[in-house]
Amino acid sequence: MFYVSIFFQYMAQYMKTKLQYRADLLVEFISDLMSQAVNLVFLLVVFGHTSLLHGWTRDEILFIYGFFLVPYAVFGAFFNLWDFNERYIVRGEMDRVLTRPVHSLFQIILERMELESLLGGVTGIIIMAYASARLSLSFHWYDILMFILFVLGGAFIYAGVFVSLATISFWSDARTSIMPMMYNISNYGRYPIDIYHRVIRYILTWILPFAFVGVYPASYFLGKKEWYGYAFFTPIMGVIFFGIAVVLWNAGVKRYRGAGN
Amino acid sequence: MNAIEVENLRKEFKSYSSRSGLIGAFRDLFTRNYKIIRAVNDISFTVKQGEIVGYIGENGAGKSTTIKMLTGILTPTAGKVIVNGMNPHKEREKFVRTIGVVFGQRSQLWWDIAVQESFRLLKKVYRVSDEDYRQHMEHIIEALDIGPLLDKPVRKLSLGQRMRCELAAALIHNPPLLFLDEPTIGLDVLVKLKIRQFLKEINEKYNTTILLTTHDISDIEALCERVIMLDEGKIIYDGSLKRLKEKWGEGKQIQFTFAGEITFHALRELTNGLQVIWKKGEQDNVWTAQVPSALLPEVIGRVVARYSIQDMNINEISTEEIIRNIYEEGVVHG
Amino acid sequence: MDKYIEMIRIRFLMMLAYRTNYYTGILIYAINIAAYYFLWSAIYGSKSTMQGMSMAQMTTYVAISWMARAFYFNNIDREIAMEIKEGRVATELIRPYSYLGMKTMQGLGEGIFRLLFLSLPGIFLVALFLPLRFPTDVHTWMFFTLSIALSFIINSELNLLAGIIAFFTLNNEGLLRAKRFVIDLFSGLILPISFYPDWAQEAMKYFPFQGISYIPSMIVTGSFQGQAILHGLLFQLVWCVLLLIPIQLLWRAAKKQLVIQGG
């Protein structure tokens, strides 16, 4: 309960800060839209030359992309860890975080909130709506619950991977560019998993399980029964990967060297 | 009850060194040289509730590392730390609610929002009740004279204003123990005086234990009865400031301005057999002698008899000078 | 000249210090290439060629464009924007060298480093698993080398431009991110320009972006032959020169404003 009340306190402060920089908000929103446009353009151009991608239609793949945007937006809003090493380790902000009586990871999540990223989720829902209309998909009342569960699962998988990467900073003093590169890899979960070689399929399923953020859960809504097993596994993967990340984080904090040593 | 108990505390860091040149850098790709540095080397001390202790040492002596271990930021390599009856890094979240921390060089407040918004957030974070907050903070805000600053964003405050707000922020939950790391760095004299007065006041009012590190010896003189001196990760003195002065500050300092240039040799020969330390001043004809009080007439007599003198001053030895002497000469016995 | 070479060397050493990047970098570039390979395999399906490119050529195209990216890609736009924002550029300006030239040299040092330690081992690794087909003709390689050098220049010029523009705008981060997306999309990195609809291809002729990735990759895969190669190189060369104009103008304006504001 305490953590929930703290969450709202931080959120209120966040709003106040953001309203001071309204122009930034607009620019960020536009650049988010552009990143989505890049991917959409790729898909649309490719489907200008072919009608099926390994048996998947253009609209099915658009639907997967739209779904992917939602957990990704949730992740982006709360796990803004791109500059964790620079900001918290090199500049020593971690010192301050560690002198406060709230779990350090939770504090950093709250401090680095970027709620405007959630708008990307809206774009995603629009794309899904467009694709499902063209595919004439039908939904049940409980699909909304499944959707929420899958989105949370996907967001936690993302968070698990990126929090784990952030903890590397506790062990290694070197600056790394693993995070932006991992971002590239995370995109491949948006495509039908069966186009890949089985090694990559294995990696995207069990090691860097980005397929659970896109294609697996989306298959459920597309009625692709052969992937249902994986789809239902999404929330469990989320819990497992985020759990691992928290354990790594707690171990990392013990190794924290402090700034300026 | 002891606020702080430290026994054989040690912190080691791995320090990587890079080889020189291109070839060296290539070798670094595969194996790197490192050595273990002991930033804090088996120190032990205790601090009683209500004490104000000055923790001093040169840069890199291990002050900050100790403070960070005491506040739960760093995990010790070895040794025992009990602060407020708890092990700081083990029960971190529970523990930090019983301490206040101010890092002089790093802001605890949120940069973009008004000071009172930061306070409100911290009040939540430390779970302070409305009533306690009102009672306690009203007094603190008044004592630090930061009332008019509360609705300004932190980035618009001057350093002195910010520092006073930082101090207030660290005290929101009225902690029984306060850590101050260089609280007066870069501040002007008036702000320094205000902060010192404030610290004394809360120490008397709430019996707050204060551990502070500083480069400014006048902070120590104004606040601390006890100092702990650190050098290369070891405690070289732990005791009252008064005793330190008596033992090391005994005697006087005489500054002679001679009519002409004088060599060190000549002066040493002149005071042969007496316990005198000569140091050269800013010009070639200015020398200071550190002399035990009893020898004062003898030294002055000899100098005046031999050389012609333009000016002469007799001073107490300053605490700063004492500390510098200790560092130059090493461990203090007793 | 010495000082610029020294800058390249220093950057080289700096890059070596971030060694963990390189172990992971090779792997991750390889995964990127592999993922695109499978994606394109699925896109090709049973077709033997698309837009005049065979699957083998496309595979090589993907591998080469990612590895070339390692060479031309740098963060000098971000660095310039940051140095301007933090006022450090004022101290840089009084040093006896051209600030922008120095930044470009830093980028080059970084690029050469990545070329040697990321691209080359990376391409070997990828060649073990994927059917890459490289040209045997020496001339093609020479044209490719020239083309990739021009790629570096065009990309660096765009980075300098973006860095300077960031000085005049309030939000650098958004601008620089947007620039990166534009380059990813229109340089031909993720999609050869020849796949775009005709009107889009026509429009892109008026922008420098395809000089960054599309042209060198088309040369090395043999998709460009004879006249097309020279045409592509000329396109790159013209943009290298043209881009200097806005850089000079904006830089002069930025310096003027810098002097007035005092950094």
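## Chain B: overall organisation

Chain B contains 12 helices and 13 strands. The model is predicted, and the descriptions that follow concern that model. Along the principal axes, the C-alpha atoms of chain B occupy a box of roughly 75 × 60 × 40 Å. Of the 334 residues in chain B, 35% are buried. Among contacts in chain B with a separation of 6 or more, 73% join residues 24 or more positions apart.

Two domains are assigned in chain B: domain 1 spans 2-246, and domain 2 spans 250-316. A distance of 42 Å separates the C-alpha centres of domain 1 and domain 2 of chain B.

## Interface between chains A and C

Chain A contributes 34 residues that are in contact with 31 residues of chain C. On the side of chain A that touches chain C, the elements giving two or more residues are helix H2 (22-46), strand S1 (52-53) and helix H9 (178-186) of chain A. The most is given by H2(A), with 13 residues. Classified by residue type, this side of chain A has 20 nonpolar, 11 polar and 3 charged residues.

Helix H11 (215-222) of chain A is largely enclosed by the rest of the structure, because 8 of its 8 residues are buried. The buried residues of H11(A) are A:Val215, A:Tyr216, A:Pro217, A:Ala218, A:Ser219, A:Tyr220, A:Phe221 and A:Leu222. Their cover includes helix H3 (58-78), helix H8 (143-171) and helix H12 (228-255) of chain A. Just after H11(A), A:Gly223 adopts a positive phi of about 70°.

One of the covering helices, H3(A), packs against H11(A) at an angle of about 125°, and their axes are 9 Å apart. H3(A) and H11(A) are therefore oblique to each other, and the crossing of H3(A) past H11(A) is right-handed. From H3(A), the contact draws on A:Glu60, A:Phe63, A:Ile64 and A:Phe67, while H11(A) supplies A:Val215, A:Pro217, A:Ala218 and A:Leu222. By class, the contact between H3(A) and H11(A) has 7 nonpolar, no polar and 1 charged residues.

## The loop residue A:Ala211

A:Ala211 is located in the loop between helix H10 (198-207) and helix H11 (215-222) of chain A. This residue counts as buried because A:Ala211 has 29 C-beta neighbours inside 10 Å, the threshold for burial being 20 or more.

With neighbours within four places in sequence left aside, A:Ala211 is in contact with A:Gly189, A:Ile193, A:Leu204, A:Thr205 and A:Tyr216. Among these, A:Tyr216 is also one of the buried residues of H11(A). A:Ala231 is 20 residues from A:Ala211 along the chain, and the C-alpha atoms of the two are separated by 9.6 Å.

## Helix packing in chain C

Two packed helices are described by the angle between their axes and the distance between the axes. In chain C, helix H7 (residues 138-168) and helix H8 (residues 172-186) pack at an angle of about 155°, with their axes 9 Å apart. An angle over 145 degrees counts as roughly antiparallel, so H7(C) is roughly antiparallel to H8(C). The crossing of H7(C) and H8(C) is right-handed.

On H7(C), the contact is made by C:Ala162, C:Ile165 and C:Ala166; on H8(C), it is made by C:Asn172, C:Leu175, C:Leu176 and C:Lys179. By class, this contact of H7(C) with H8(C) comprises 5 nonpolar, 1 polar and 1 charged residues.

Definitions and conventions:
Residues are numbered from 1 along each chain as its sequence is written. Chains are lettered from A and ligands numbered from 1 in the order in which they are written. This is a predicted model: local features need pLDDT of at least 70, side-chain atom pairs count only at pLDDT 80 or more; totals for chains, interfaces and linings use all residues. Axes are lines fitted to C-alpha atoms, for helices over the stretch in contact, and angles run from 0 to 180 degrees between N-to-C directions. Helices (H or I, at least four residues) and strands (E, at least two) are DSSP runs, numbered from the N terminus. Angles under 35 degrees count as roughly parallel, over 145 as roughly antiparallel, 65 to 115 as roughly perpendicular and the rest as oblique. A crossing is left-handed if the near helix is turned anticlockwise from the far one by less than a right angle, and right-handed if clockwise. Two residues are in contact if their C-beta atoms, placed from the backbone, lie within 7 Å. Ala, Val, Leu, Ile, Met, Phe, Trp, Tyr, Cys and Pro count as nonpolar, Asp, Glu, Lys and Arg as charged, and the others, Gly among them, as polar. A residue is buried if 20 or more other C-beta atoms lie within 10 Å of its own, exposed if 12 or fewer, and partly exposed in between; C-beta atoms are placed from the backbone. Domain bounds come from an automatic or database domain assignment.
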